[in-house]
Amino acid sequence: MHTTVGIIGGGPAGLLLARLLHNEGIDSVVLERRDRTYVEQRQRAGILEQATVDALRNAGAGARLDREGMPHDGIEIRFANRAHRIDFPSLTGGRNVTVYAQTEVVKDLIALQLAEGGPLLFDAQVTSVEGADTATPAVRFIHEGRQQTLSCDYVVGCDGFHGVARNAVPASLRTTYERTYPYSWLGVLAEAPPVYNELIYAHSERGFALASMRSPSVSRLYLQVPNGTDTAAWSDQRIWDELDARFATDSHPGWKLERGPITSKAVLPMRSHVTEPMRYGRVFLAGDAAHIVPPTGAKGLNLAAADVIVLARALARWRTTGSGDLLDTYSDTCLQRVWRAEHFSYFMTTTLHTDPNQSAFETRLQIAQLERVATSPHAAAELAENYTGLPLG
Ligand code: RFL
Ligand code: PHB
């Protein structure tokens, strides 16, 4: 079996790349380890930057997004007993974000790929990538009980943080930057209408909380919890009470979330990670395979999309002109955006969470920083620009 671009992983990065390549007339094969239902149900990100929305629309994957996506022009930040709204369009020259779940992006891209695109194989576990520095790298995978080989002109590792593609870059040429955080998120889905029509990020003495949504009738809520927390320790009642306590503010006396049945609970560890470079020979890394951000800045999915947009352009240029110049600059181009997002995600995380070893001095610094965002249009614009995302150029 031979293809132009072998794509490992059918998450948002792999699926969007396959679609963009299809639109450029470049054939690809996507190999996904899990089954379709699993990939379509996996609860993850919820916020799309404008550049991601535009890319999905331009790729022909915007129909349901345009109908069901919920544009958001701001977020609310609660801290020190007050609530402050950050208005994106007025601070960024008109940009905003859209709430549309990663599960829905993935469903839309899978449906398109199966209807119009090249092969997308589920239950296809890649075991290794060979010949990364040769003209025809090969992907070895197990499908339907048989070991198989896909020979490619290029291989793209879109196989997430626990994937195998990263190992194709020799350890001696790879640099890894990493930070773990001394807290996790308890994330829940609830059949309860969001009370407020924008996201609320809360700094509180009890720890961070975030109110997001999936639709006008489904809330997505997060609580900072200690690492190693077992969801069994969190009854529905305890979750709702703790959320209300962390969101409480004198700006909205008596404010409470609307409660409803909780349909899923999971604990998510927080990590920052970058692997450089994002290319070795004819193997490229994209999305979580190359970098992880803690979710507080809502950047993970958007970074994955930005990588594959840059890569699809570079492959299209190679296909039409024979020039590999954009492939040569792929890693540097992406890493510039990646490090900006790493910084922003770190900033949002460390400003809004309470480290278990945090001193009272450090808490006052966090409040001073949040006061600055609430009172200075420059500080607010810095946050708004990063949150809505830099244009792709
Ligand atoms: P994905 O989505 O992890 O997809 C990688 C795909 O590769 C497959 N795979 C393999 N396939 C074949 N052979 C192998 N050997 C393979 N190894 C892995 C996997 O099954 C999977 O389908 O990476 P991608 O496409 O780069 O997309 C990135 C985003 O998914 C990610 O950045 C965000 O979802 C991060 N993230 C969140 N971001 C937010 O902005 N807000 C969130 O609330 C949020 N929650 C999350 C998250 C990431 C999580 N992970 C990765 C643990 C919650 C979780 C649990
Ligand atoms: C989500 O809706 O899942 C979500 C939104 C914003 C974040 C993280 C997660 O910062």
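In the predicted model, the side chain of Ser212 places an N or O atom 2.6 Å from an oxygen atom of ligand 2. For the side chain of Tyr201, the corresponding separation between an N or O atom and an oxygen atom of ligand 2 is 2.7 Å. The backbone also takes part, with an N or O atom of Thr296 located 3.4 Å from an oxygen atom of the ligand. On its own, ligand 2 has 280 Å² of accessible area, and the protein covers 97% of this area.

A separate set of results concerns strand E1. This strand spans residues 2–8 and is mostly covered, with six of its seven residues buried. E1 pairs with strand E11 (residues 146–157) in the parallel sense, and the pairing comprises six bridges. Within this pairing, Gly6 has Val155 of E11 as its bridge partner. E1 also runs parallel to strand E2 (residues 28–31), to which four bridges join it. Here Val5 is partnered by Ser28 of E2. Together with helix H1 (residues 12–23), E1 and E2 form a β-α-β unit of right-handed sense.

Methods
Residues numbered from 1 in each chain as written. Chains lettered and ligands numbered in written order. Predicted model: local features only at pLDDT ≥ 70, side-chain atom pairs only at ≥ 80, totals over all residues. Heavy atoms only, no water. Polar contact = N/O pair within 3.5 Å; in protein donor to acceptor, adjacent residues only side chain to side chain. Areas by Shrake-Rupley, 256 points an atom, 1.4 Å probe, with all protein chains shown as cover. Buried < 20%, exposed > 50% of the residue type's maximum accessible area, 1.4 Å probe, protein only. Helix = DSSP H or I, 4+ residues; strand = E, 2+ residues; numbered from the N terminus. Pairing = 2+ DSSP bridges. Right-handed = clockwise from strand over helix to strand, strands pointing away.
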